[in-house]
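The model is predicted.

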Amino acid sequence: SGNAALAATLREWGIEQTYGVTGGGIWHLLNFFDPERPNEAAPQFITINEYIAGFCPIGHYLCNHSLAAAVVTTGAPVKFLNAGMSAARFMGIPALYIISLNNTQDQYRYPMQDVSSNGTNIIQSLKSEFSHHVFPIETIDQLPEQLSKIAVNLENKKPAILLLRPDALTRPISMSSIALSTQALPTQNTMINKLTQQLSQHLQQSDRIIIYVCSEAGYQDELSSQIIELSEILQSPVVCSTNGLNALKHDWPLHYGTIGLGGSAQAQTLWDSMNGTDVLLCIGLDCGEYEVQCRPINAKKTWILSSATNDYVFQDDRYQAHFTHKAKLIAGNINVHLRLLIEQLKNVNSEIAAQLPQKKTDRNPPYKAEPLKSNCVCPYQLLTALSPLWPKNSIAFDDTCTFYRDRPHIMEIAHPNVKWFNESHGSSMGS
């Protein structure tokens with residue numbers, strides 16, 4: 001059946017855990033899931049309320065760099081799921097959401113939980129926000145094609161919303177397996193060569209080069225040493241978004257900290273001083289209100305290393321609207337491009353770098369706790385006491401209270417055992 005084929009495809013994609021609450025629209029599908037543990041043919045289904053289920057694939061990906069899914073029945077549960085789906089889109093997280101529609105024969109007969117165009121009109125409602133990330137399956141024949149499109153969507157680090165007719169997926173189907181694409185992202189050798197030449201020219205002209213590390217880098221584990229090495233070659237100060245900070249494993253003199261809400265004073269002062277004589281090199285791009293206060297970024301020239309395609313913050317398929325002056329995207333694998341750039345800069349700039357004076361940075365003074373009332377807790381003391389208690393590979397999330405401003409301000413560098421994330425565009429993760 002279509003349900004068996006869907007369950008088998010999820011396992012082929014490496015999806016071991018799914019989250020949600022059972023219901024009439026999905027119980028046929030859940031017969032092919034295992035409530036206790038994943039196996040070769042079936043993912044595990046973990047019962048948890050739909051609001052939380054919407055965020056589970058996000059946390060799963062940030063923990064394990066692997067896919068997970070949320071599965072909910074028809075109607076009202078979609079409203080609870082929506083906050084998590086929006087967060088996945090805003091954050092650029094590949095997450096799968098499986099949602100039941102009404103049965104085909106019932107959709108215009110005013111069924112319970114009516115999601116047809118006569119009711120909550122759920123397909124068009126989701127398409128208005130998620131556009132081409134929505135994949136309805138009206139008939140069993142559409143299953144292979146839609147799953148192939150979903151595979152591409154997930155590989156491009158985008159959420160995918162699968163809407164299914166329960167009766168359609170009970171029908172028999174014979175289909176070949178659909179694997180996630182493993183095609184390597186293109187290496188932009190010509191663009192990296194051009195970037196190397198221009199950075200060398202900027203160094204010779206004593207232009208200030210600032211490195212901005214963003215969420216896309218913070219979701220990866222292997223970029224810390226490369227970013228530090230690039231910073232030292234260019235003698236460039238480094239600033240981060242809150243999520244981008246996770247890309248940096250430890251402190252060093254050229255690391256200024258986070259910008260934006262809750263950021264460090266020295267990082268924000270550096271960022272605000274950026275003008276039409278500076279060069280900005282972005283590792284990924286975060287340019288929302290949380291980071292840049294809805295203001296255009298004012299550098300003379302900006303280069304962006306990113307694997308993003310059709311990113312949430314794209315306008316007219318480009319990032320340009322977020323910059324006062326010219327911005328250039330080098331699309332592809334960030335890790336590969338950074339390695340290539342560093343090797344080329346080592347060769348080109350060895351003499352230039354030796355002549356550059358070591359730039360000094362004024363670090364923030366140590367945080368001083370203010371006197372407290374007897375019934376209050378000092379966040380600095382709390383976070384300092386928590387730091388050594390984190391087990392390795394921990395993740396944590398900033399809630400939507402003053403903590404999501406205080407925490408990054410106090411902890412310019414988090415403990416190496418923990419990564420802190422926030423969902424800055426939607427601010428609903430802790431609701």
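H10 and H13 are roughly parallel to each other, because their axes cross at roughly 30° and angles under 35 degrees count as roughly parallel. Helix H10 comprises residues 224-234, and its axis comes within 10 Å of that of H13. The crossing of H10 past H13 is left-handed. On the H10 side the contact is formed by Gln226, Ile227, Glu229, Leu230, Ile233 and Leu234, which meet Asn335, Leu338, Arg339, Leu341, Ile342, Leu345 and Lys346 of H13. Sorted by class, this contact has 8 nonpolar, 2 polar and 3 charged residues.

Two further pairs involve helix H4. Helix H3 (residues 50-64) packs on H4 at an angle of about 25°, with the axes 6 Å apart; H3 and H4 are therefore roughly parallel to each other. H3 passes H4 in a right-handed crossing. From H3, the residues Glu50, Tyr51, Ala53, Gly54, Phe55, Ile58 and Leu62 meet Pro77, Phe80, Leu81, Ala83, Gly84, Met85, Ala87, Ala88 and Met91 of H4. This contact divides into 13 nonpolar, 2 polar and 1 charged residues.

Helix H4 (residues 77-91) also packs with helix H5 (residues 122-130), at an angle of about 20° and with the axes 11 Å apart. That angle makes H4 roughly parallel to H5. The crossing of H4 and H5 is right-handed. Val78, Asn82, Met85, Ser86 and Arg89 of H4 make the contact with Ile122, Leu126, Glu129 and Phe130 of H5. The classes here are 5 nonpolar, 2 polar and 2 charged residues.

| Helix pair | Angle | Axis separation |
|---|---|---|
| H10 and H13 | roughly 30° | within 10 Å |
| H3 and H4 | about 25° | 6 Å |
| H4 and H5 | about 20° | 11 Å |

The largest pocket has a volume of about 930 Å³. Its lining consists of 42 residues, and Asn156, Lys157, Glu216, Ser307 and Ala308 lie nearest the centre of the pocket. The elements that give two or more residues to this lining are H4, helix H6 (143-155), helix H9 (215-218) and helix H13 (334-348). By class, the lining has 15 nonpolar, 17 polar and 10 charged residues.

Notes:
Residues numbered from 1 in each chain as written. Predicted model: local features only at pLDDT ≥ 70, side-chain atom pairs only at ≥ 80, totals over all residues. Heavy atoms only, no water. Axes fitted to C-alpha atoms, helices over the stretch in contact; angles between N-to-C directions. Helix = DSSP H or I, 4+ residues; strand = E, 2+ residues; numbered from the N terminus. Parallel < 35°, antiparallel > 145°, perpendicular 65-115°, else oblique. Left-handed = near helix turned anticlockwise from the far one by under 90°. Contact = heavy atoms within 4.5 Å. Nonpolar A, V, L, I, M, F, W, Y, C, P; charged D, E, K, R; others polar. 1 Å grid on protein atoms, 1.4 Å probe; cavity = no way out; pocket = protein on both sides within 12 Å on 5 of 7 lines; lining within 4 Å. Points joined across faces, edges and corners; volume = space filled by probe spheres on them.
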